[in-house]
Amino acid sequence: GYGCLLGVGKGSVNPPRLIKIDYLKNPDKKTTIGLVGKSITFDSGGICIKPRKDMDIMISDMSGGAALLGAYYFIAALQLPINAVFVLPAADNLPSGSAFKPGDILISKSGRTVLIKDTDSEGRVTLADGITAAVEAGVNAIVCVATLSGLTAMLFGEYFAPITSDNDDLSDLFTAAAEKVGEPLWRLPYISERPKETKSKVADVSNGERGTVFINGFAAGLPWAFVDIAGTAWTSKTEGIYCEGGTGTMVKTLAELLERFFAKKSPAM
(Lines give C-alpha, C1' and ligand atoms only; values in the text may rest on other atoms or scores of the structure.)
Protein backbone atom coordinates (compact mmCIF):
# COMPACT_ATOMS: atom_id res chain seq x y z
CA GLY A 1 0.00 0.00 0.00
CA TYR A 2 2.99 2.35 0.07
CA GLY A 3 2.30 3.68 -3.41
CA CYS A 4 4.34 6.88 -3.05
CA LEU A 5 7.51 5.11 -1.95
CA LEU A 6 7.06 2.40 -4.58
CA GLY A 7 6.45 5.02 -7.25
CA VAL A 8 9.63 6.97 -6.51
CA GLY A 9 11.72 3.79 -6.49
CA LYS A 10 10.36 2.35 -9.74
CA GLY A 11 13.24 3.62 -11.88
CA SER A 12 15.97 1.69 -10.07
CA VAL A 13 17.04 -1.95 -10.24
CA ASN A 14 17.30 -1.71 -6.44
CA PRO A 15 13.77 -1.95 -5.04
CA PRO A 16 12.70 0.55 -2.36
CA ARG A 17 12.53 -0.39 1.29
CA LEU A 18 10.59 0.92 4.27
CA ILE A 19 12.83 0.54 7.32
CA LYS A 20 11.01 0.72 10.65
CA ILE A 21 12.63 0.38 14.07
CA ASP A 22 10.60 0.25 17.27
CA TYR A 23 12.47 1.36 20.39
CA LEU A 24 9.90 0.87 23.15
CA LYS A 25 11.74 0.89 26.47
CA ASN A 26 9.25 2.62 28.77
CA PRO A 27 6.07 0.56 29.13
CA ASP A 28 4.88 2.84 31.94
CA LYS A 29 4.48 5.76 29.55
CA LYS A 30 1.82 5.79 26.85
CA THR A 31 3.61 8.49 24.85
CA THR A 32 5.60 7.51 21.76
CA ILE A 33 7.41 9.88 19.43
CA GLY A 34 7.73 9.12 15.72
CA LEU A 35 10.83 10.07 13.75
CA VAL A 36 10.82 10.00 9.94
CA GLY A 37 13.95 10.56 7.87
CA LYS A 38 14.28 11.05 4.13
CA SER A 39 16.39 8.16 2.84
CA ILE A 40 16.88 8.71 -0.89
CA THR A 41 20.06 6.71 -1.41
CA PHE A 42 20.82 8.57 -4.64
CA ASP A 43 18.85 11.41 -6.18
CA SER A 44 19.44 12.03 -9.88
CA GLY A 45 16.20 14.00 -10.05
CA GLY A 46 14.58 11.16 -11.97
CA ILE A 47 12.97 12.09 -15.29
CA CYS A 48 13.37 15.77 -14.24
CA ILE A 49 17.10 15.12 -14.08
CA LYS A 50 19.42 17.42 -12.16
CA PRO A 51 22.34 19.34 -13.71
CA ARG A 52 25.63 17.45 -13.75
CA LYS A 53 27.39 19.87 -11.37
CA ASP A 54 27.65 18.48 -7.84
CA MET A 55 25.39 15.51 -8.62
CA ASP A 56 27.95 13.28 -6.88
CA ILE A 57 26.89 14.90 -3.60
CA MET A 58 23.43 13.38 -4.07
CA ILE A 59 24.71 10.27 -2.29
CA SER A 60 23.95 12.41 0.78
CA ASP A 61 20.21 12.56 0.09
CA MET A 62 19.81 9.80 2.67
CA SER A 63 21.21 12.01 5.44
CA GLY A 64 17.87 12.36 7.21
CA GLY A 65 17.54 8.60 7.55
CA ALA A 66 21.21 8.30 8.50
CA ALA A 67 20.66 10.83 11.31
CA LEU A 68 17.79 8.72 12.62
CA LEU A 69 19.92 5.58 12.63
CA GLY A 70 22.71 7.44 14.40
CA ALA A 71 20.30 8.71 17.04
CA TYR A 72 18.88 5.22 17.47
CA TYR A 73 22.31 3.77 18.21
CA PHE A 74 22.97 6.72 20.52
CA ILE A 75 19.86 6.19 22.68
CA ALA A 76 20.31 2.40 22.62
CA ALA A 77 23.86 2.78 23.94
CA LEU A 78 22.58 5.10 26.68
CA GLN A 79 19.61 2.77 27.30
CA LEU A 80 17.26 5.73 27.54
CA PRO A 81 13.83 4.78 28.97
CA ILE A 82 11.82 6.22 26.09
CA ASN A 83 9.42 5.10 23.37
CA ALA A 84 10.32 5.99 19.80
CA VAL A 85 9.49 4.69 16.33
CA PHE A 86 12.05 5.35 13.59
CA VAL A 87 10.86 5.23 9.97
CA LEU A 88 13.18 5.40 6.94
CA PRO A 89 11.48 5.31 3.51
CA ALA A 90 14.48 4.38 1.35
CA ALA A 91 14.75 4.44 -2.46
CA ASP A 92 16.89 5.44 -5.42
CA ASN A 93 15.45 8.21 -7.60
CA LEU A 94 16.68 7.34 -11.09
CA PRO A 95 15.49 7.87 -14.69
CA SER A 96 14.62 4.78 -16.71
CA GLY A 97 11.84 3.32 -18.80
CA SER A 98 10.06 2.24 -15.63
CA ALA A 99 10.56 5.47 -13.65
CA PHE A 100 7.68 7.56 -12.41
CA LYS A 101 7.13 10.73 -14.42
CA PRO A 102 5.39 14.11 -14.29
CA GLY A 103 1.66 13.65 -14.64
CA ASP A 104 1.57 10.33 -12.79
CA ILE A 105 -0.81 9.96 -9.87
CA LEU A 106 0.41 7.87 -6.94
CA ILE A 107 -1.80 6.45 -4.22
CA SER A 108 -0.21 7.03 -0.82
CA LYS A 109 -0.43 4.66 2.15
CA SER A 110 -2.90 7.10 3.70
CA GLY A 111 -5.18 6.66 0.69
CA ARG A 112 -4.67 10.22 -0.54
CA THR A 113 -3.74 10.56 -4.19
CA VAL A 114 -0.66 12.58 -5.20
CA LEU A 115 -0.16 14.22 -8.59
CA ILE A 116 3.51 14.24 -9.57
CA LYS A 117 4.48 17.61 -11.05
CA ASP A 118 8.23 17.25 -10.53
CA THR A 119 10.12 13.98 -10.08
CA ASP A 120 12.93 15.93 -8.40
CA SER A 121 10.54 16.75 -5.56
CA GLU A 122 10.55 13.10 -4.60
CA GLY A 123 11.60 13.43 -0.96
CA ARG A 124 8.30 14.85 0.25
CA VAL A 125 6.51 12.06 -1.65
CA THR A 126 8.40 9.28 0.17
CA LEU A 127 8.08 11.12 3.47
CA ALA A 128 4.30 11.10 3.04
CA ASP A 129 4.29 7.30 3.25
CA GLY A 130 6.88 7.32 6.03
CA ILE A 131 4.77 9.67 8.12
CA THR A 132 1.70 7.49 7.59
CA ALA A 133 3.70 4.48 8.81
CA ALA A 134 4.52 6.44 11.97
CA VAL A 135 0.90 7.54 12.43
CA GLU A 136 -0.30 3.94 12.06
CA ALA A 137 2.23 2.88 14.70
CA GLY A 138 0.29 5.01 17.20
CA VAL A 139 2.80 7.80 17.84
CA ASN A 140 1.78 11.00 19.63
CA ALA A 141 4.10 13.45 17.84
CA ILE A 142 6.16 13.39 14.65
CA VAL A 143 9.62 14.75 13.85
CA CYS A 144 10.90 14.79 10.26
CA VAL A 145 14.49 15.31 9.13
CA ALA A 146 15.34 15.62 5.44
CA THR A 147 17.56 17.14 2.79
CA LEU A 148 14.52 18.66 1.17
CA SER A 149 15.45 21.81 -0.74
CA GLY A 150 18.58 23.18 -2.37
CA LEU A 151 17.22 26.63 -1.62
CA THR A 152 17.80 25.89 2.06
CA ALA A 153 21.51 25.45 1.44
CA MET A 154 21.62 28.73 -0.50
CA LEU A 155 19.84 30.70 2.23
CA PHE A 156 21.32 29.19 5.39
CA GLY A 157 24.66 27.78 4.25
CA GLU A 158 26.38 24.96 6.11
CA TYR A 159 25.87 26.25 9.65
CA PHE A 160 22.14 26.67 10.28
CA ALA A 161 19.21 24.38 9.52
CA PRO A 162 15.66 25.77 9.38
CA ILE A 163 12.91 24.23 11.49
CA THR A 164 9.19 24.48 10.80
CA SER A 165 6.52 23.31 13.22
CA ASP A 166 2.83 23.65 13.96
CA ASN A 167 3.48 23.18 17.69
CA ASP A 168 5.37 25.75 19.78
CA ASP A 169 6.25 23.33 22.60
CA LEU A 170 7.74 20.75 20.26
CA SER A 171 9.61 23.42 18.31
CA ASP A 172 11.03 24.93 21.51
CA LEU A 173 12.20 21.51 22.72
CA PHE A 174 13.83 20.81 19.37
CA THR A 175 15.54 24.21 19.20
CA ALA A 176 16.84 23.96 22.77
CA ALA A 177 18.21 20.47 22.14
CA ALA A 178 20.00 21.66 19.00
CA GLU A 179 21.52 24.64 20.79
CA LYS A 180 22.75 22.42 23.63
CA VAL A 181 24.76 20.17 21.29
CA GLY A 182 25.95 22.88 18.90
CA GLU A 183 23.74 22.22 15.86
CA PRO A 184 21.78 25.50 15.69
CA LEU A 185 18.31 25.70 14.18
CA TRP A 186 16.47 28.72 12.81
CA ARG A 187 12.70 28.62 13.16
CA LEU A 188 10.63 29.64 10.16
CA PRO A 189 6.93 30.53 10.27
CA TYR A 190 4.45 27.77 9.55
CA ILE A 191 1.72 28.40 6.98
CA SER A 192 -1.36 26.47 8.06
CA GLU A 193 -3.49 26.96 4.98
CA ARG A 194 -2.77 24.82 1.94
CA PRO A 195 -1.38 27.05 -0.84
CA LYS A 196 -2.38 26.69 -4.45
CA GLU A 197 0.94 24.99 -5.27
CA THR A 198 -0.14 21.81 -3.48
CA LYS A 199 -3.67 21.71 -4.91
CA SER A 200 -4.74 19.59 -7.86
CA LYS A 201 -7.84 19.14 -9.97
CA VAL A 202 -7.14 15.46 -10.60
CA ALA A 203 -5.69 14.30 -7.25
CA ASP A 204 -6.02 15.11 -3.57
CA VAL A 205 -2.69 16.94 -3.56
CA SER A 206 0.30 17.64 -5.81
CA ASN A 207 3.98 17.66 -4.93
CA GLY A 208 4.29 21.36 -5.71
CA GLU A 209 6.66 23.97 -4.34
CA ARG A 210 5.53 24.08 -0.69
CA GLY A 211 7.21 20.95 0.63
CA THR A 212 6.62 21.43 4.35
CA VAL A 213 2.90 22.08 3.94
CA PHE A 214 2.64 19.00 1.71
CA ILE A 215 4.38 16.86 4.33
CA ASN A 216 2.36 18.20 7.25
CA GLY A 217 -0.82 17.24 5.45
CA PHE A 218 -0.04 13.58 6.17
CA ALA A 219 0.60 14.03 9.92
CA ALA A 220 -3.06 13.40 10.83
CA GLY A 221 -3.22 16.45 13.11
CA LEU A 222 -0.43 15.29 15.43
CA PRO A 223 2.17 17.76 16.80
CA TRP A 224 4.74 17.96 14.05
CA ALA A 225 8.18 19.47 13.41
CA PHE A 226 10.39 19.40 10.34
CA VAL A 227 14.09 20.22 9.96
CA ASP A 228 15.65 20.72 6.53
CA ILE A 229 19.33 19.69 6.59
CA ALA A 230 20.02 20.26 2.89
CA GLY A 231 22.72 22.78 3.81
CA THR A 232 24.21 21.12 6.88
CA ALA A 233 24.30 17.44 5.91
CA TRP A 234 27.34 17.81 3.65
CA THR A 235 30.37 20.06 3.81
CA SER A 236 33.02 20.92 1.24
CA LYS A 237 35.35 22.21 3.96
CA THR A 238 37.67 20.62 6.48
CA GLU A 239 37.55 22.59 9.71
CA GLY A 240 36.72 22.08 13.36
CA ILE A 241 35.21 18.64 13.93
CA TYR A 242 34.27 18.23 10.25
CA CYS A 243 36.08 17.00 7.20
CA GLU A 244 34.82 17.12 3.63
CA GLY A 245 31.79 14.90 3.16
CA GLY A 246 28.84 13.90 5.32
CA THR A 247 28.64 15.72 8.66
CA GLY A 248 26.34 13.46 10.67
CA THR A 249 24.24 16.47 11.53
CA MET A 250 21.19 16.04 13.79
CA VAL A 251 22.38 12.77 15.38
CA LYS A 252 23.24 14.52 18.66
CA THR A 253 20.26 16.85 18.42
CA LEU A 254 17.77 14.01 17.96
CA ALA A 255 19.24 12.07 20.88
CA GLU A 256 19.06 15.17 23.07
CA LEU A 257 15.52 15.90 21.86
CA LEU A 258 14.33 12.40 22.73
CA GLU A 259 15.79 12.64 26.21
CA ARG A 260 14.17 16.05 26.79
CA PHE A 261 10.85 14.94 25.28
CA PHE A 262 10.46 12.26 27.94
CA ALA A 263 12.16 14.11 30.80
CA LYS A 264 9.31 16.60 31.04
CA LYS A 265 5.66 16.79 30.07
CA SER A 266 5.75 16.61 26.32
CA PRO A 267 3.47 18.59 23.96
CA ALA A 268 1.78 15.31 23.03
CA MET A 269 0.84 14.34 26.61
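**Figure 1. Right-handed crossing of helices α5 and α7 in the predicted model.** Helix α5 (residues 168–181) passes helix α7 (residues 251–263) in a right-handed crossing, that is, the near helix is turned clockwise from the far one by less than a right angle. Helices (H or I, at least four residues) and strands (E, at least two) are DSSP runs, numbered from the N terminus. The model is predicted, with local features requiring pLDDT of at least 70 and side-chain atom pairs pLDDT 80 or more, while totals for chains, interfaces and linings use all residues. Residues are numbered from 1 along each chain as its sequence is written, and side-chain values use heavy atoms, without hydrogens and water.

**Figure 2. Packing geometry of α5 and α7.** The two helices pack at an angle of about 130 degrees, with axes 8 Å apart. Axes are lines fitted to C-alpha atoms over the stretch in contact, and angles run from 0 to 180 degrees between N-to-C directions.

Figure 3. All 6 of the 6 residues of β7 (residues 141–146) are buried (under 20% relative accessible area, 1.4 Å probe, protein chains only). Ala141, Val143 and Val145 lie on one side, and Ile142, Cys144 and Ala146 on the other. Strand β2 (residues 33–37) pairs with β7 in the parallel sense over 5 bridges (pairing requires at least two DSSP bridges); Gly37 stands opposite Val145. Strand β11 (residues 224–228) also runs parallel to β7, joined by 5 bridges, and Trp224 is the bridge partner of Ile142.

Key. Buried < 20%, exposed > 50% of the residue type's maximum accessible area, 1.4 Å probe, protein only.
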